[in-house]
Structure formats: structure tokens, C-alpha cells
Amino acid sequence: DTTLRLYDVTANTHRTFNTPAPVLDCCFGDATHAFSGGLDQSVRIHDLVTGQDGTVGTHDGAVKAVVASTTGTLLSGSWDKTVRVWDPRTRVPVGVHAQADKVYTMALAEEKLVVGMAGRHVWIWDLRNMSAPEQRRESSLKYQTRSIRCFPDKQGYVVTSIEGRVSVEFFDPSAESQRRKYAFKCHRISVDGQDTIYPVNTVAFHPRYGSFATGGCDGFVNVWD
């Protein structure tokens, strides 16, 4: 609906920020700023105190993912098949990095950036050296990627797909570590012996305990240990 909303869960209130086009992703930058990306191909900054906003920069396609690093830089992924790195203070791109396909989701684990794309591509980058991906992978799931989030302990990441499945992956490329990865079915409803399968749209980790929650098109949030 072209709005970004900030919720105060303690006071049970919210504020609304208007944007020029539908918002596809958002993230916090710090305690007083948030970022968003949308169908107008722009990356926007929102001042949560004053209510003012502005444009950090633009892509050549819709901006599907935005993530803020701990070093103060902002990364945006787009359907134009690029990831762009921004300095929000100067609002100029620090780098433009070509990807294998349209970017659908991104996640950060300190210096590691995980990019999920169309065609089930998953590339792992090191923010300290963006000259080339550190690893080029293919999702273990057979269908389109919806969301990726990294473990709180920075050892791996979780991938969700449109086919009601979740895959648990590890950064370490060794054969021993890769044998630990697994996938499971979820967000499915069986009626009269007929399964209805729903996309898994989002995943979020508990920062302390490592459990995670998934949200699906079935209207449910499931919590996993």
C-alpha cells in the first residue's frame, strides 16, 4: 500500500511513512534511521525521529532486498541483477556487483553476505573483498527461493522456498560440514488426504537461543528449535 510502518510494541502504537511505490523490503540502519526499497527502483532513508525521508540511490529495476551492515554501509539487491553498496551519509554507491540473476533476498552474518536469486542461485560474498563471490551455490530446495536468514552464531543460514520447505545450510564448504545440512517440509495443510502447499515467505531467528520462526501463505507462524 506504499507505506512503511514503525511499530512500538511496548506502547502498542505505530507511525506511518509514505513512499512513492509499493515497498518490497525494509531494515533498521540505527536507532533513529530505517531504509526501504521498492518498485520505484529507489533505496530510501527514513528518519524515525523527524519523519523526513530521502533517496539514497537508485537501481535499474525494483529493489527487492536491503540490509545494513555493522560498519554503517547499506546494501541493496535488485531485479536488475546487481547488489549495490551505499554510504548513506554521502548517498553515493561505493560499489556495484553483478549477480547471476534477479536478487530476491539477502542476509548478513558480520562480514558474510548471502544473496538468494532467481534460478535458485545462492552466492556468498565477503564484504572485505567484493571482487568476486567467495562461494557460488545452488539452493538445496527445488523451487524458487523466498527468504534467507543467517544463524545468530554466524555458522550458516536458512533458506525458504515457495514449495513449503526450509533448508538449513552451513558456510563451511568441507564435505564433513556439508553432510550436516538438511531440509524439512512445513506450512502444509492436509484436507481429506490432499496436501495444500504454501510458500514460506519469511524467516527470523531468536538472537539468543537460535530458534527460528517461519511465516507462510497459510496464515501461520511456526517456531522451530
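The model is predicted, so local features need pLDDT of at least 70 and side-chain atom pairs count only at pLDDT 80 or more, while totals for chains, interfaces and linings use all residues. Residues are numbered from 1 along each chain as its sequence is written, and side-chain values use heavy atoms, with hydrogens and water left out.

Start with the whole chain. Along the principal axes, the C-alpha atoms fill a box of roughly 50 × 45 × 35 Å.

Of the 225 residues, 46% count as buried. Buried means under 20% relative accessible area, exposed over 50%, and partly exposed in between (1.4 Å probe, protein chains only).

Now look at strand E9, residues 82–87. Six of its six residues are buried. In a regular strand the side chains alternate between the two faces of the sheet. Both faces of E9 are covered. Thr82, Arg84 and Trp86 are buried on one side, and Val83, Val85 and Asp87 on the other.

What lies beside E9? Two strands pair if DSSP finds at least two bridges between them. Strand E8 (residues 74–78) pairs with E9 in the antiparallel sense over four bridges. Gly77 stands opposite Val83. Three residues separate the strands of this hairpin, and Lys81 takes a positive phi near 70 degrees. Strand E10 (residues 92–98) is joined to E9 by six bridges, also antiparallel. There, Trp86 has Pro93 as its bridge partner. The hairpin of E9 and E10 has four residues between the strands, and Arg91 in the turn has a positive phi of about 60 degrees.

Move on to strand E13, residues 121–126. Five of its six residues are buried. Five bridges join E13 to strand E12 (residues 112–117), and the two run antiparallel. Lys112 stands opposite Asp126. E12 and E13 form a hairpin with three residues between them, where Gly119 in the turn has a positive phi of about 75 degrees. Strand E14 (residues 135–138) is joined to E13 by four bridges, again antiparallel. In E14, Arg137 is the bridge partner of Val122.
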